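Biologist: I'd like to learn how to read a protein model feature by feature. Could you walk me through one?

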Amino acid sequence: MRQGITPSFEYLSVRHTGGWTVVALHGEIDIAAALTIGPRLDTITTLPRRRVVLDLNAVCFLDACGLELLCRARRRSAARAGRLVLVCVRPRILLLLRITGLDDDFTVLPSVADAIPGSGPTAAP
C-alpha cells in the first residue's frame, strides 16, 4: 500500500496530502451509508486542529442522514479548532445545500486542488 493512502471502504476513501485529510465520499449517502460513514468521520474529526476536505463529487444521492453527517463533522471540527471544507460540483447536491441553507455554513469549493493550497497540478515540485 502506498504511503498516505488508507484503504477504501464501502462509501468512502481517505488519503492525506499537504497536511489535510481528504475524505472522498461516493455512491448514495443515505441512512445505510451513515452507519458506516459516521464512526469513520467521528474518528477523523476527533484530533484537534485537523484540516479535513470532504469530497462529494462522486456522491450521486444525499438524504437528510447524509446532511446530518456533514453537519456533525463540521461541528466536531469547529469544536476542536479544526477546519472542514466541502468539495462539490454536483448540481443536485449543491441545490440541496442551498435550499437547506447549509451552503452558508460550509465552505464549498469545486475541487480538492482548490481546497488545499499548493496541491493542484500547478503546484511547485
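Predicted model: local features only at pLDDT ≥ 70, side-chain atom pairs only at ≥ 80, totals over all residues.

Biologist: How many helices and strands does the protein have?

Modeller: There are 4 helices and 6 strands. From the N terminus on, the order is β-β-β-α-β-α-β-α-β-α.

Biologist: How do I read a helix, say α3? Which of its residues are buried?

Modeller: The general idea first: an α-helix has 3.6 residues a turn, so residues three or four places apart point the same way. Buried means under 20% relative accessible area, exposed over 50%, and partly exposed in between (1.4 Å probe, protein chains only). In α3, residues 91–99, the buried ones are Ile 93, Leu 96 and Leu 97. Seen down the axis of α3, its buried residues fall within an arc of 100° (taken from the directions from the helix axis to the C-beta atoms), so they line one face of the helix. The face turned away from that buried side carries exposed Pro 91, Arg 92, Arg 98 and Ile 99.

Biologist: What do the buried residues of α3 pack against?

Modeller: Contact means heavy atoms within 4.5 Å. By that test, they pack against β4 (51–62), α2 (64–79), β5 (83–87) and β6 (107–109). After α3 comes Gly 101, with a positive phi near 80°.

Biologist: And strands? How do β2 and β3 run?

Modeller: Two strands pair if DSSP finds at least two bridges between them. Strands β2 (residues 12–17) and β3 (residues 20–29) run antiparallel, joined by 6 bridges; one pairs Arg 15 with Val 22. They form a hairpin with 2 residues between them, and Gly 18 in the turn has a positive phi of about 55°.

Biologist: Which residues touch the most other members of the largest nonpolar core?

Modeller: In soluble globular proteins, nonpolar side chains tend to be buried together. A nonpolar core is a set of buried Ala, Val, Leu, Ile, Met, Phe, Trp, Tyr and Cys residues joined through side-chain atoms within 4.5 Å. The largest has 29 residues, and Val 23, Ile 29, Ile 37, Leu 54 and Leu 70 touch the most other members. Apart from it lies another core of 8 residues, among them Trp 20 and Val 22.

Methods:
Residues numbered from 1 in each chain as written. Heavy atoms only, no water.
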